[in-house]
Amino acid sequence: MKSTNSTTTLRRRRATLLRRLRSLKPEFLRGSLIERYKRCGKAGCKCAHGRGHGPKYYLSLSIPGGRPEMEYVPQDYVEQVEDYLANHSTARRLLEEICEINRELLRRREAL
Ligand SMILES: [Zn+2]
């Protein structure tokens, strides 16, 4: 947040960010989509020499202090899950910037 911006500019920017945040559909998923290939272990299967069968998709969610939780994502859901993840990143970016503006207002001892 540039400290050269006027308080009015910051408030306007915050209002814009809030409008964008509100315009998002509530289609959020947190985590990341990962691809996995697996060797089936059957004798003579071509996968023994390749990277394996797949890709299979999983939604991986990191848990503080624990192992990530994995959710199998059927192929038909992959695109939707990607959209939901992207939507979450957008929401997070908007929220972060709003917080940054509020922090700057606090520094200036302005009304929040
Ligand atoms: Zn195989």
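Colleague: Is Arg109 buried or exposed?

Modeller: A residue is buried if 20 or more other C-beta atoms lie within 10 Å of its own, exposed if 12 or fewer, and partly exposed in between, with C-beta atoms placed from the backbone. Arg109 has 6 C-beta neighbours inside 10 Å, so Arg109 counts as exposed. This is a predicted model: local features need pLDDT of at least 70, side-chain atom pairs count only at pLDDT 80 or more, and totals for chains, interfaces and linings use all residues. Residues are numbered from 1 along each chain as its sequence is written.

Colleague: Where is Arg109, and what is its phi?

Modeller: Most residues other than glycine have a negative phi. Arg109 is not a glycine, yet has a positive phi of about 60°. Arg109 sits in the segment after helix 2 (78-107). Helices (H or I, at least four residues) and strands (E, at least two) are DSSP runs, numbered from the N terminus.

Colleague: Which peptide bond is cis?

Modeller: Most peptide bonds are trans. The bond from Gly54 to Pro55 is cis, with omega near 0°. Pro55 belongs to strand 2 (residues 53-61).

Colleague: How do helix 1 and helix 2 pack?

Modeller: Two packed helices are described by the angle between their axes and the distance between the axes. Axes are lines fitted to C-alpha atoms, for helices over the stretch in contact, and angles run from 0 to 180 degrees between N-to-C directions. Helix 1 (residues 7-23) and helix 2 pack at about 155°, with axes 10 Å apart. That makes helix 1 roughly antiparallel to helix 2. Angles under 35 degrees count as roughly parallel, over 145 as roughly antiparallel, 65 to 115 as roughly perpendicular and the rest as oblique.
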